[in-house]
Amino acid sequence: MKVVHVAFECAPIFKTGGLGDVVGALPKYQKELGIESVVVMPGFGWVTQPSTLPGSTVPVWYVNSPYFAKPNPTHDHKIQAPKYAHFAWETLELLKRREFVPDIINCHDWHTGLIAWLIKKTESPFFAKTKLLLTIHNIGYQGNFPKEYLDKQETKIIYELLPPAQKRVAFLKLGIESADYISTVSPNHAAEIRTKKVGFGLGSLIRGKRGKFIGIINGLDYTVWNPHTDPYLFAKFNSRSVDSGKSTNKAALQKELGLKVDPAVPLYGFVARLSWQKGIDLLAPLLPEFIKRRWQLVILGTGDKKYESLLRRFQKKMHKPWLSINFLFDEKMAHTIYGSSDAFIIPSHYEPCGLTQMISMAYGTIPVAAKVGGLKDAISHNKTGILFDQMSPKGLLDALSNAEEIIINTKELSQMRKQMLRQDFSWQKSAREYIKLYRKMLA
Ligand code: ADP
């Protein structure tokens, strides 16, 4: 079976979040199961472009476009719209040029939303037998733009294919309407997404897709996220050496970041995009509480300037023993935070799957997470983490206090760490579920 995965990011080639992790792993595991998988992604001018996915023989094909020549960190809609419309068009052209007729095109997120629609609209004989799966990793981002933004040289054809009276274009919505099947990245989120609260305006459209919508939980790529082999950790560890390994890592990170080096101080980590989704509005008001209680917090994130300035106020010398706030995208630092923290904070308002809870567990770090989406699917309350459902700073503080009680009780902490390390979120199972779904679509 020939399967093409199309996405705008694919780790480790280019990554901005969990989507990159997934697209960097799923095709690899599918290939091991006998699928001829290929990745198609943008050929970003400033990014190295290996011909295969590192650590595998999965080919990676790059779409070239003037829109991918230089970084554009502004997320300007006037550029985003033609950029990903051109990406969709050029992806299909690339497959035709390579005479690669896929059985399945597995599109990922809104950036690829126009692909299914274009195939249907143009009735391309080349793709007559190809089935389209659209996987939604984050329904909160839909790519809704004024249609006139596509009135550009590179995207003129698409502009003219859209109904003349139509004023706007909605990439994800068109994808959902046109794809043969829709999936999202955890069973619990698949249920949530049908509701008004989490559907972000697309709940009823998805409800109408009954029988053609499924939730398949993401896996974790243990070749990347493994404390026993992780080159970024100060000390590597396994389930037998977890307690001593974590102590060494914690002391080293405290020292490196200028925090007070003290094994008795609970160390909490937070690595995320700085956006409303990730619950910064719950965490930020608690920063004075961390200082008062003599808890330590390491934040690593980039994103919304509003949240950056909210947190920046705490980047003061007097807070140095307790708070380390870093506005960077830094893979190495992320690994050291997972490896060194006692607990990891995930107060997300919604979380389609979430990888950071799985990574935390793999590194023996207690996830303290909102009881939503894939967080609820992956964490067993009081056994492999702490779940809370009162979405307020007070609700989060109570959960952090619960975590503290475990952290200061060496026996309980050691027990929980061993339980976390025993969890298996490996990709093999999820990769098989995707293949089962592809077969069903082709039947
Ligand atoms: P999302 O895809 O919504 O951002 P996920 O939990 O699915 O969230 O995945 C987030 C991934 O991105 C994880 O691998 C996490 O470690 C990584 N990540 C997020 N922010 C940063 C950052 N500032 N530096 C390094 N890695 C980051």
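In this predicted model, Glu-148 sits in the loop that connects strand E6 (144–146) with helix H4 (156–161). Glu-148 is exposed, because its relative accessible area is 58% and the cut-off for exposed is over 50%. Between Glu-148 and Lys-371 there are 41 Å from C-alpha to C-alpha, and the two are 223 residues apart in sequence.

**Ligand surroundings**

- The shell around the ligand holds 21 residues, of which Gly-18, Asp-21, Arg-273, Leu-328 and Tyr-338 come nearest.
- At least two residues of this shell come from each of H1, strand E10 (267–274), strand E11 (296–303), helix H13 (331–340) and helix H14 (356–362).
- A polar backbone atom of Gly-18 lies 2.7 Å from an oxygen atom of the ligand.
- The side chain of Lys-278 places an N or O atom 2.9 Å from an oxygen atom of the ligand.
- A nitrogen atom of the ligand is 2.8 Å from a polar backbone atom of Leu-328.
- On its own the ligand has 570 Å² of accessible area, and the protein covers 93% of that.

**Helix H1**

- H1 is mostly covered, with 12 of its 15 residues buried.
- Among the buried residues of H1 are Asp-21, Lys-28, Tyr-29 and Gln-30, as well as Leu-19, Val-22, Val-23 and Leu-26.
- The packing partners of the buried H1 residues are strand E1 (2–6), strand E2 (36–42), strand E4 (104–108) and helix H18 (427–442).
- Just after H1, Gly-34 has a positive phi of about 95°.

**Nonpolar cores**

- In soluble globular proteins, nonpolar side chains tend to be buried together.
- The largest nonpolar core here comprises 91 residues, and Tyr-268, Phe-290 and Leu-297 have the most contacts inside it.
- Leaving aside residues up to four places away in sequence, Tyr-268 touches Phe-290, Trp-295, Gln-296, Leu-297, Val-298, Ser-341, Ala-343, Ile-345, Leu-400, Ala-403, Glu-404 and Ile-407.
- Another core, of 63 residues, lies apart from the largest one and includes Trp-89, Ile-105, Ile-119 and Leu-134.

Key: Residues numbered from 1 in each chain as written. Predicted model: local features only at pLDDT ≥ 70, side-chain atom pairs only at ≥ 80, totals over all residues. Heavy atoms only, no water. Core = buried A, V, L, I, M, F, W, Y, C linked by side-chain atoms within 4.5 Å. Buried < 20%, exposed > 50% of the residue type's maximum accessible area, 1.4 Å probe, protein only. Contact = heavy atoms within 4.5 Å. Helix = DSSP H or I, 4+ residues; strand = E, 2+ residues; numbered from the N terminus. Near = heavy atom within 4 Å. Polar contact = N/O pair within 3.5 Å; in protein donor to acceptor, adjacent residues only side chain to side chain. Areas by Shrake-Rupley, 256 points an atom, 1.4 Å probe, with all protein chains shown as cover.
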